[in-house]
Structure formats: C-alpha cells, structure tokens
Amino acid sequence: MKEEKFFLIEELLKIQEENELHYIPEDKILEIAKKTGRSPADIHSVISFYPRLSDKPRGKYLIRVCENLPCHMEGAQEVIDAIKEFLGIDFGQSTPDGRFYLEKTSCLGLCAAAPVILINNVPYGNLTPEKVVEVLKEYMEGDND
C-alpha cells in the first residue's frame, strides 16, 4: 500500500510539473483514477492533503517562498513584502494575467543562501527586496507570451 501511495504522489507531481499552470487538471485526475482503480474523490483527497499539489490553476511561474527560521532571520519577511507589493498578490493568489502564483513552503534546504525562493524549481538565494524585484522583472521581460 505504501508503494502505491508513493507512485500516486510521484505521478501527480509529474503531471503537475508538466502543466504550464502547475496544477493537475480534472481529465488527468480521471485518467489516474481509472489507471489506479481509485475514485476521483480519492485522488482529489490526496491532492488536497499535500500542499505541493493543486487541482486549481496557479500560474506560469510558481514562486515558493521559504518561511523557515533561517530565512526568516535573514530577512525573508522583507523579501516577501517586496514580492507581494511588486506583483500585487498575496499567498495563494495568482497575478491577474496568470503569470505568477505565490505560495509559502517549508525549508528548501538552501539555508546557507537565506533568504531563498524557488521559481519553477529554480533557486534564488541571498535575496534582498531589491534583488527579488530584479529577478521578477527578468521573468517579466523574458516572457513573450
């Protein structure tokens, strides 16, 4: 049973990472349910239990902000405030254009570079409010969609 759960979570993470808006669409949930013999409700319950998973569209650029103690002590709150102000969103929200989604996360394992964020699994460390805004501007300028 544990191996089956592990497979399910890995499969869901893979589907989510392949989706431009970083979520698991309903058609994929139905596919997984059929493949595993589970009900769609069971798949949804797994998705809702794990914070890294989502069945709702988020954004093209998923920003995960570490809020653990080392990042907090190195100025994470100021970096968070700069992100929120620059993008005009709060945790759990997407920008109106669907480009950016902001979420909290636990330790990213990069404490030596605190404060740290991930954007689509690319780490950025030793951030200041000014540096994080520059990083976000680079994503905006490089995005020609």
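A residue counts as buried here if its relative accessible area is under 20%, as exposed if over 50%, and as partly exposed in between, with a 1.4 Å probe and protein chains only. The model is predicted, so local features need pLDDT of at least 70 and side-chain atom pairs count only at pLDDT 80 or more, while totals for chains, interfaces and linings use all residues. Residues are numbered from 1 along each chain as its sequence is written, and side-chain values use heavy atoms, with hydrogens and water left out.

**Overall layout**

The chain has 6 helices and 5 strands, taken as DSSP runs (H or I of at least four residues for helices, E of at least two for strands) and numbered from the N terminus. Read from the N terminus, their order is α-α-α-β-α-α-β-β-β-β-α. The C-alpha trace spans about 50 × 35 × 20 Å along its principal axes. Of the 145 residues, 41% are buried. The accessible surface is about 8,300 Å², and carbon and sulfur atoms account for 54% of that; such areas come from the Shrake-Rupley method with a 1.4 Å probe.

Contact means heavy atoms within 4.5 Å. Among contacts between residues at least 6 apart in sequence, 62% join residues at least 24 apart.

**Two nonpolar cores**

A nonpolar core is a set of buried Ala, Val, Leu, Ile, Met, Phe, Trp, Tyr and Cys residues joined through side-chain atoms within 4.5 Å. The largest such core has 20 residues, of which Ile63, Val65, Ile83, Ile117, Ile119 and Val132 touch the most other members. Two or more residues of this core come from each of β1 (61–66), α5 (76–87), β3 (100–105), β4 (117–119) and α6 (129–141). Apart from neighbours within four places in sequence, Ile83 contacts Ile63, Val65, Gly88, Leu102, Ile117, Val132 and Leu136.

A second, separate core holds 13 residues, including Ile9, Leu12, Ile32 and Ile47. Ile32 lies in helix α2 (residues 26–36). Ile32 counts as buried because its relative accessibility is 5%. Not counting residues up to four places away in sequence, Ile32 touches Leu8, Glu11, Leu12, Ile15 and Ile43. In soluble globular proteins, nonpolar side chains tend to be buried together.

**Aromatic pairs**

Rings of Phe, Tyr and Trp (its six-membered ring) pair if their centres lie within 6.5 Å; planes under 30 degrees apart count as stacked, over 60 as edge-to-face and the rest as tilted. The structure holds 4 aromatic pairs. Two of them involve Tyr61 and are listed here.

| Pair | Type | Centre to centre | Angle between planes |
|---|---|---|---|
| Tyr61 and Phe100 | tilted | 5.4 Å | 35° |
| Tyr61 and Tyr139 | edge-to-face | 4.9 Å | 70° |

Tyr61 is in strand β1 and Phe100 in strand β3, so their pair ties together parts 39 residues apart in sequence. Tyr61 is buried at a relative accessible area of 10%, and Phe100 is buried at 1%. Tyr139 is in helix α6, so its pair with Tyr61 in strand β1 ties together parts 78 residues apart in sequence. Tyr139 is buried, as is Tyr61. Ring pairs link Tyr61, Phe100, Tyr124 and Tyr139 into a cluster.
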